[in-house]
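Here are my notes on this one, jotted down as I went through the chains. Have a look at the structure first, then read on.

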Amino acid sequence: MHRCILHVDMDAFYASVEIRDRPELRGKPVVVGGSPEGRGVVAAASYPARRFGIHSAMSARTAVRLCPDIVFVAPRHNYYADVSAQIRQVLNRYTPQVEPLALDEAFLDVTASLRLWGTGAEIGRRIKTAVRDELGLVASVGVAPNKFLAKLASDLDKPDGFIIVEPDSIQDFLDPLPVSRLWGVGKAGQRTMAKLGVRTVADLRRRRPQQLESRFGEWGRHLWRLAHGRDDRPVMNDREAKSISHETTFSEDLSEIDVLRSVLLDLTEQVARRLRRYRRTARTVELKLRFSDFITITRSKTLARATDVTHHLWQTADELLIKELRHCDRAVRLLGMGVGALDADPCDQLELFTDRTNTRQSGLDRITDRISDRFGAGTIHRGPVQRK
Amino acid sequence: MKITIERDRILKPLGSVSSVVERRQTLPMLGNVYIRYEHSTVTLIGTDLETEVKTKVNDVEGEFGECTVGARKLHDICRALEENSNIEMQLRDERLMVNSGSSRFNLQTLPAMEFPRIETEDWDCELEVSQGELKKLIEKTAFSMAQQDVRYYLNGLLMEITGKILRVVATDGHRLAKSEITLDRSAGKTTRQAIIPRKAVNELGRYLEASDQLAKLCLSTNHLQVEVGLLVFTTKLIDGRFPDYEKVIPKDLAIHLQVHRNEMFDILARASILTNEKFRGIRLGVKSNKLSVMANNPEQEEAEDSMSIDYEGDEIEVGFNVNYLMEALRALEGETVDLGVQDPNSSCTIQQPNDNSTIYLVMPMRL
């Protein structure tokens, strides 16, 4: 039995929310982000702005250079979080199996809802309509038998995209796409592939998996599976997740350990915050590294006690990273941090001896969580890591 | 080296020294037992570098020499041989030949010179206590030790000697067990503390027998040695500060209940079946003449049981890990226990009525 997975992705989310509230901006190049006078960065760009080559993560200064008439809007993160919650409410009408990836995108597994709501395409259309009519925003939706294909489909015809990949047309859909469309294949990956004569997904699919494995390691086999449109990962909401993780692929490979540690701290804060939001605690910490030669390693450590304290998770993750990189100078292309062995129902066993660090760090987390909830993720974070 | 000995005389000493040897070692030598024959005496030693067990068998025929050989293999061989048989062990060209009746074993050895010993300092505190009493102290408390806690000083048993009092305390941070006995002679004016590692505590508990025979305890800054008969048990101590246990023992709890020990254990055992398997939480309710326990699990199944008690006063309900309560009740003796409770945020105490020598504390859970 095929699954039916939806990927819902809001178009230029922050910018669209601002334009919705200020109709005079409609049709203009709009950027949400820090001001160009400082060292601001583009958080989101409207589609008219994108036509000038402006994209998120670009410096505000560059954006102004590309388009002097651009309109800058200061971000209102807490407001976006509220809008995101409204979107979530729409999605929850169709299934409880909603896995949020960020404020502006989520996976839905609607397999069990098909009898109630009709086909996946039907549900996708309902969601698009509801988001437009009720929230005045535009969502791109991909409908496919798995997460990988659904995400690809939602992205392919943006903005206002709506692509349905039927189980029997997976290969027709995938084959003509460039390999860079596959998860984890960036510029560097694309170049390496091109050297092997692999440009499209079809090229990749025709290779033997052993060949890809010998060149790219375990990741090669994974790519081969993606090229065949295979992906078994379930859609999981945070409440039932067995693990929570975040990872990031760098645009340029990084080898400086203190920079990597800072990124790791950032990932850890995000993971820990999600953990606390769902009132869960973790017992294992996992570190994931992919090097420039595509070799991917994971290292994990079990904690003596389940915890949701950022400080404790960070200490362990940092220890794993330092242990792995202290003696080698390898360039890292992907860094990931995750927690596992989650306790479903943490109940408070009181302590005989109060642990000062724990009490204080826990209090710190509570406060920073409240600040982040109110003013947006990223408004408060830990200072740079101490050099070791 | 040559030793001729009855199987039944060497089997138990060999078992004692083998049990401390880890099943999986980092160094091959740590899987071996040290054997030495000199002046009609066989000396056997086993070690894991943290704990060492040495024992002797006297009045044995043989020839001088020493070697080391796989502890578990030699023990298994001796155990498998027939009862009342004679065993002959002979070292020849760095191999140990073990012969008995029609059985022949040829074992590899490692040089005795390289066998690692624990080097102790001068003892600064010595005392004697009956084996049986020491064994009881361990049995009453050891189960409350922490296991692989980051607070490494909790992964062991605190031994405290103050004047004529020998006291042991174990805690995992959620519950605590304290038990003490009075010695015949004072072991010195100053208070002496030592934390014995968890594994050593469990090993020691097994060597001790419920007898009046005296055990001699010696302490130095970093080691504890216990001598019982021919067996010498030496262990490193955990270098750390044990938490101030006196401070957490509540002095005057609001409610003290006299409860039938076995009956309370039974109602807890029944209710525990439907607790959350991981957290083991139960609600303990006290109201007029009734002590009740309630449990439920993630599947929404529920259990409830109760017993009558002599109580008039306010109703109170406190959550606990049922295992902690049951283990304390099981470790106590006597028909009745004194259960002290206060409120859902304070620890409860379990002890024998009017007897402060052994006391258990359990911190509540918020359910």
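1. Conventions first. This is a predicted model, where local features need pLDDT of at least 70, side-chain atom pairs count only at pLDDT 80 or more, and totals for chains, interfaces and linings use all residues. Residues are numbered from 1 along each chain as its sequence is written, chains are lettered from A and ligands numbered from 1 in the order in which they are written, and side-chain values use heavy atoms, with hydrogens and water left out.

2. Chain B as a whole. Chain B has seven helices and 26 strands; helices (H or I, at least four residues) and strands (E, at least two) are DSSP runs, numbered from the N terminus. Of its 367 residues, 54% count as buried, where buried means under 20% relative accessible area, exposed over 50% and partly exposed in between (1.4 Å probe, protein chains only). Take the contacts (heavy atoms within 4.5 Å) in chain B between residues at least 6 apart in sequence: 67% of them join residues at least 24 apart.

3. Helices 6 and 7 of chain B. Two packed helices are described by the angle between their axes and the distance between the axes. For helix 6 (residues 261-272) and helix 7 (residues 322-331) of chain B, the axes come within 10 Å and cross at roughly 150°. That makes helix 6 of chain B roughly antiparallel to helix 7 of chain B. Axes here are lines fitted to C-alpha atoms, for helices over the stretch in contact, and angles run from 0 to 180 degrees between N-to-C directions. As for the labels, under 35 degrees is roughly parallel, over 145 roughly antiparallel, 65 to 115 roughly perpendicular, and the rest oblique. Helix 6 of chain B passes helix 7 of chain B in a left-handed crossing (left-handed if the near helix is turned anticlockwise from the far one by less than a right angle, right-handed if clockwise). On the helix 6 side of chain B the contacting residues include Met264(B), Phe265(B) and Leu268(B), and on the helix 7 side they include Leu325(B), Met326(B) and Leu329(B).

4. Helices 11 and 12 of chain A. Helix 11 (residues 209-216) and helix 12 (residues 218-227) of chain A pack at an angle of about 140°, with axes 6 Å apart. The two helices of chain A are therefore oblique to each other. Among the residues making the contact are Pro209(A), Leu212(A) and Phe216(A) from helix 11 of chain A, and Trp219(A), Gly220(A) and Trp224(A) from helix 12 of chain A. Helix 11 of chain A passes helix 12 of chain A in a right-handed crossing.

5. Salt bridges. How many salt bridges are there over all chains? The count comes to 51, taking a salt bridge as a side-chain nitrogen of Lys or Arg within 4 Å of a carboxyl oxygen of Asp or Glu. In chain A, Glu269(A), Arg276(A), Asp365(A), Asp369(A) and Arg382(A) are linked in a network of them.

6. Glu52(B) bridges to Arg117(B), with the closest N and O atoms 3.0 Å apart. This pair links distant parts of the chain, 65 residues apart: Glu52(B) is in strand 4 (residues 51-57) of chain B and Arg117(B) in the loop between strand 9 and strand 10 of chain B. Glu52(B) is buried at 3% relative accessible area, while Arg117(B) is partly exposed at 43%. Arg206(B) and Glu203(B) form a salt bridge at 2.8 Å, N to O, and both lie in helix 4 (residues 198-207) of chain B, three residues apart, about one turn of the helix. Arg206(B) is exposed at 55% relative accessibility, whereas Glu203(B) is buried at 5%. Arg283(B) and Glu317(B) form a salt bridge with closest N and O atoms 4.0 Å apart. Arg283(B) lies in strand 19 (residues 281-287) and Glu317(B) in strand 22 (residues 316-321) of chain B, so the pair ties together parts 34 residues apart in sequence.

7. Arg333(A). Not counting residues up to four places away in sequence, Arg333(A) touches residues including Thr248(A), Phe250(A), Asp253(A), Arg290(A) and Phe291(A).

8. Two loop residues in chain B. Met145(B), in the loop between helix 3 (131-141) and strand 11 (156-162) of chain B, is buried at 4% relative accessibility. Asp122(B), in the loop between strand 9 (103-110) and strand 10 (125-130) of chain B, is exposed at 70% relative accessible area.
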